[in-house]
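Subject: Handover of a structure and findings

Dear colleague,

Please find below the structure that I am handing over to you. My findings follow it, arranged by topic.

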Amino acid sequence: MNYKTGKWAGQILELRNNDGMWGNFHTLSKPVNNKSITTEQAIRRLRILGYTKEDEPIQAVLERMCLCVKGRQKIDDYSEKTHDWALFEKLMLSAWIRLFEPENKIALNIAKQWALIAERSFKSGRYNKNDDIESFTAQFGRKPKSGFETGFGMFYHAALLHGVLTPETESLLLDYYIKRREGIYYIYENPINILPETFASKRTSRYLAAVELLLNYPQAKYKLQFITEWLNINKDENGQWDLGTSAKDGVYFPLSDSWRKQVYRKSDCTERINNILQKLTIK
């Protein structure tokens, strides 16, 4: 289905500023609404609705993000004092650049910096915080001083590091994410190896978001096969899925212009889950 010309995309595009942005870039964690929206919320929602780097609204933001990572232009005036904001912005923006354009050289340079830290942090065969701190210090010339700087636990780390790790480290990092008690910060707060208790729920939708993110890694399809059985068990007699009305969060759903009829809700849920199953298929 083509949702790029639908109601939801139209509402987001109407909120664009003259510079092609939607106001401050951060924060991912807030839900999209029609009164206030960040640029990050906007491009995430547009990506879910099918927008790519070929579309002008995304091109404009990609150009701005690249200029910011290169230090030639500010993304906005927002900052958080608890972080090294310049470093955090490069991580955050490079992660988003790579979601739309995985081979972008500017973002790849940042990804490779963090990949070196990851390689050393998992060199013992599992994540080691002391190795992480030592590697971060060697890379950036100081010890880490805020939570995002160690642990690889954020959405941004997971979005950034696909395709830049050795196979051994990729495997260890995926195991780490799948078993991590806190999940992946910003999108899902529970271990991925523990399935949601209630299938028709907003939690399942957010769980699937974490799965979709990890499936950017080539080895993930092998490590996440247990999800295939779970999804197939939960489809109805017509081969469709329904995550229920609570899954309508303005972020991952809806895709169709309306969920007033169950048929559209089922169609949206089924399309999303079929896309996941295709990526989980081992040929």
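Helices here are DSSP runs of H or I that hold at least four residues, and they are numbered from the N terminus. Please also keep in mind that this is a predicted model.

The largest pocket

The largest pocket holds about 730 Å³ of space. Its lining consists of 25 residues, and those closest to the centre are Arg47, Ile48, Glu212, Arg272 and Lys279. Four helices each supply at least two residues of this lining: H2, H4, helix H9 (202-214) and helix H12 (262-280). Which helix gives the most to the lining of the largest pocket? That is H12, with five residues.

Tyr51 is placed in the loop between helix H2 (39-48) and helix H3 (56-69). Is Tyr51 buried or exposed? Its relative accessibility is 9%, and residues under 20% are classed as buried, so Tyr51 counts as buried. Leaving aside residues up to four places away in sequence, Tyr51 touches Lys4, Ala9, Leu13, Leu46, Pro57, Ile58 and Phe100.

The side chain of Tyr51 reaches the backbone oxygen of Lys4 at 2.8 Å. As for Tyr3, 48 residues separate Tyr3 from Tyr51 in sequence, while the C-alpha to C-alpha distance between the two is 8.9 Å.

Aromatic pairs

How many aromatic pairs does a search of the whole structure find? The search finds 22. One of them joins Phe88 and Phe148: the ring centres are 4.9 Å apart and the planes stand at 80°, so this pair is edge-to-face. The pair links distant parts of the chain, since Phe88 belongs to helix H4 (residues 85-100) and Phe148 to the loop between helix H6 (129-140) and helix H7 (155-160), 60 residues apart. Phe88 and Phe148 are both buried.

Tyr127 and Tyr176 form a pair with another geometry. Their ring centres lie 5.2 Å apart and their planes meet at 35°, so the pair is tilted. This pair also links distant parts of the chain: Tyr127 is in the loop between helix H5 (105-121) and H6, Tyr176 is in helix H8 (residues 167-179), and the two are 49 residues apart. Tyr127 and Tyr176 are buried.

There is also one aromatic cluster to look for, and its members include Phe88, Phe100, Phe148 and Tyr186.

Backbone details

For Phe152, phi is about 55°. Phe152 is in the loop between H6 and H7, and its relative accessible area is 2%, which means that Phe152 is buried. For Tyr186, phi is about 95°. Tyr186 is in the loop between H8 and H9, and Tyr186 is likewise buried, with a relative accessible area of 19%.

Finally, where is the cis peptide bond with omega near 0°? This bond runs from Phe253 to Pro254. Pro254 is found in the loop between helix H11 (225-233) and H12.

Methods. Residues numbered from 1 in each chain as written. Predicted model: local features only at pLDDT ≥ 70, side-chain atom pairs only at ≥ 80, totals over all residues. Heavy atoms only, no water. Buried < 20%, exposed > 50% of the residue type's maximum accessible area, 1.4 Å probe, protein only. Contact = heavy atoms within 4.5 Å. Polar contact = N/O pair within 3.5 Å; in protein donor to acceptor, adjacent residues only side chain to side chain. Phe/Tyr/Trp six-rings, centres within 6.5 Å; stacked < 30°, edge-to-face > 60°. 1 Å grid on protein atoms, 1.4 Å probe; cavity = no way out; pocket = protein on both sides within 12 Å on 5 of 7 lines; lining within 4 Å. Points joined across faces, edges and corners; volume = space filled by probe spheres on them.
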